[in-house]
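Reader: I am new to this structure and would like to go through it step by step. Please show it to me, and then let us start with the terms.

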Amino acid sequence: MKMKKYRMLGIMIWNALLRRRSRMLIALLAVAIGATIVSGLITIYYDVPRQMGREFRSYGANLVLTPAGDKQLLPAEAVSKINGILPPDKLVGMAPYLYDRVKINEQPLMLAGTDFQQVKKVSPYWQVRGQWPESPAEEIMLGAETAELLQVEPGQEVTLAASGSELGRKMKVTGIVRTGGSEENFIFTDLKVAQQLLGTQDNISVMQVSIIANEAELTAFTQAIAGATPDIVPRIVKRVAQSEETVLGKLQALVYLVTIVVLLLTMICVATTMMAVVTERRKEIGLKKALGAENRGIVLEFLGEGMTLGALGGLLGVVLGFFFAQAVSVNVFGREISFQPFIAFLSLVVSIAVTGAACLIPVKIATDVEPAIVLRGE
Amino acid sequence: MFWRMVRGALVRQGRKMFLVAVTVALGVSLATAMLNVMLDVGDKVNRELKAYGANITVTPRSASVLGEIYGLDTAPGAMGQYLQEEELGKLKTIFWANNIVDFAPSLETRVALGPAGTNAVLVGTWFNRHLSLPTGETVDTGIQQLKSWWSVDGNWADDTNVNTAMVGAILADKLGVKAGDTVEFVLPGSDKRETVTVRGIFSAGGPEDEELFVPLPLVQNLLNLPGKVAKVEVSAMTTPENELARRAAHDPKSLSLKEWETWYCTSYVSAISYQIEEVISGSRAKPVRQVAESEGNILEKTQLLMLLITVLSLAGSSLGISNLLTAGIMERSREIGLLKALGATNGAVIGLTLSEIMLTGLAGGIVGYFLGLGFAQIIGETVFGTAIALNVMVIPWVIAAVGAVILAGSLPAIRMLLSLRPAAVLHGR
């Protein structure tokens, strides 16, 4: 008996949806649009810190590994020990630097030996006039101040010599580096060349690390590194890390508030559409009551209708919303986003709940009315 | 008669028209809020990015060369050139004066600290200096605003009391001093002794942590360089650089007159640097690439993000409005059928329906506009702590957009109404 009742309910809902095709299509469209915006915006909200965090890495290193105590150099084996600590998917780059004094034309200058491929990742803000070195064994770059001092243009050759040594090494200058900072006073060579020239074996002075992490995560990394080897003192670059925290926090709050406002308005919009669609069926409700239907039954039927609509529209919206978020992400950040099942589920539940609730209000009003009055037309 | 019918419809169909008004109001408030926030977000985020510190450094034109060749920059009483402290107020008189957010001069020297004679760098600077400009305005500027990422244990030093100081965390550790203690230092090679009271210990996470900061006049007296500064750090709001700005940064003379004017009157970091060099004699202003480039990058991304969110959510809400309108008009087929049966022309029917909806929309729109302003202010206050600048440009945009949406939303329904045959409708099917 009970089974039969539910089957009847199912048939009534199905027929109501099918027979009133154009009205239901309008309602479905409204729900789908709402769900699209909901799921799309929530996805963007979750994705923004991750994507923006990557953009903020253009400020350069946020973690610097320095030698412990009074030592001047970081031994290579100590550096190799930390390899497992930093997660590779969050690591943007690690640029080693070896600093020492060298001579060009008998003038004392600072040399920085580094890995150019990593520098490009860690310090994307460098402005290079000319080119980055392609064969690092014989090509170097000069800081803008140094180049001005030496009167050297890209393409010319200079002779590098370690201080205290007469043996020179001819190198071709491929580019002039402009940063507005202290880098403009350096000569940049490949790390291997610097190590050979200065005779420091595999050691380096500092390691600049650029990693996508907030301050708490950075602190955790520094503790892990300090625990792994006593030879390294990791230091957080506070100016970069803390400012990123502040600005990123504000951006996320902005997207959060915008999301809330849009969500609120979208839900009300869906609700008003549903109300309009249901209100128009007061006559039908009156007829049902006149035929002896209980209030509970009528409410249940409309609720079922609304929730079916919500589920269908929600499903459609989740798919569209994913493309909406994808479009934003690709256009703004140039990266794709991954599908989040939890957000999809959440938007589905929200759209079912909102549609169901929006149906209930007008039905409740309609069922309170005397059938005779409704049927008579007023 | 026409207006009586319109009024009658509005009053009789109160509830339905109320729904339409609510939806239009929601759509308009969404549009108003999003557009206002979007138009102002660049400015707001730019201000937030000032947390990264100075993006322009101003140094004397010839000092860098002297320091490089002879290593004179750290020697006391070096013969290098300096900038004039009294000229700094002119920074606020350049074309882009309003974009100069903060600036602070500095003058450095090496000193021996305490009884042990610890070697450290002494920096004279402005902490929070009250400055009267030649234009009659006043500004407060200094490292307190410029170095917002410093975490200070204790208080900031006082510009008006020259014997106050702030010590970097690493140096404080070495000396064993804390806020409230006094530190004595002496200039190497002379017997000028000074005692300062430590107001606070700061942690900057950079080389400053090993330095001692005091008010500028103290260092000027110590070095016998009254009114001179060695470096000025400037934090300015800038526009992201483009091809023109890069060419200009390389050589402003390579631009044509028209290009030069465009460049000069845009707040590119290179243009602001150029204007600083014009007002501060013998100076050289260099953009700090790390800050300037990244700023532009993040600014562009944020604006694009907001633009896309705005456009897409507006598209969504306009679909919602037109949807509701379609539903609203369709259910009145019986009334329209009667009108037509009584001899109303198609034009009259359309005019009647549209004026009803437009009037309702207008009422909803006005309410929605102010609601939207409220939303925008809530967002501004919560996120950035300042009000969002209201943009009058938003009003015509919103009116045009909502008008178009209402028209577009009514079109399919109106087409359907026109094809109605009165007899069929009145019969009930």
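Author: Helices (H or I, at least four residues) and strands (E, at least two) are DSSP runs, numbered from the N terminus. This is a predicted model, in which local features need pLDDT of at least 70, side-chain atom pairs count only at pLDDT 80 or more, and totals for chains, interfaces and linings use all residues. Residues are numbered from 1 along each chain as its sequence is written, chains are lettered from A in the order in which they are written, and side-chain values use heavy atoms, without hydrogens and water.

Reader: Which helix of chain B gives the most to the nonpolar patch?

Author: The patch is formed on the surface by Phe2(B), Trp3(B), Leu359(B), Leu362(B), Ile366(B) and Phe370(B). Its members each have over 30% relative accessible area and no salt bridge, and nonpolar side chains (Val, Leu, Ile, Met, Phe, Trp, Tyr) are joined within 5 Å. At least two residues come from each of α1 (2-12) and α12 of chain B. With 4 residues, the one that gives the most is α12(B).

Reader: How many residues does α10(B) give to the side of chain B that touches chain A?

Author: In contact (heavy atoms within 4.5 Å) are 66 residues of chain B and 60 residues of chain A. Across this interface the rule finds 7 residue pairs in polar contact, both at pLDDT 80 or more; such a contact is a pair of N or O atoms within 3.5 Å, where within protein one must be able to donate a hydrogen and the other to accept it, and residues adjacent in sequence count only if both atoms are side-chain atoms. Among the elements of chain B that each supply at least two residues to this side are α2 (14-49) and α10 (289-330). The most comes from α10(B), with 26 residues.

Reader: Which residue of chain B meets Glu184(A) in a salt bridge?

Author: A salt bridge is a side-chain nitrogen of Lys or Arg within 4 Å of a carboxyl oxygen of Asp or Glu. The rule finds 4 across the interface of chain B and chain A. At 2.7 Å, N to O, the partner of Glu184(A) is Lys286(B).

How values were computed: Patch = residues over 30% accessible without salt bridge, like charges linked within 9 Å, V, L, I, M, F, W, Y side chains within 5 Å. Areas by Shrake-Rupley, 256 points an atom, 1.4 Å probe, with all protein chains shown as cover.
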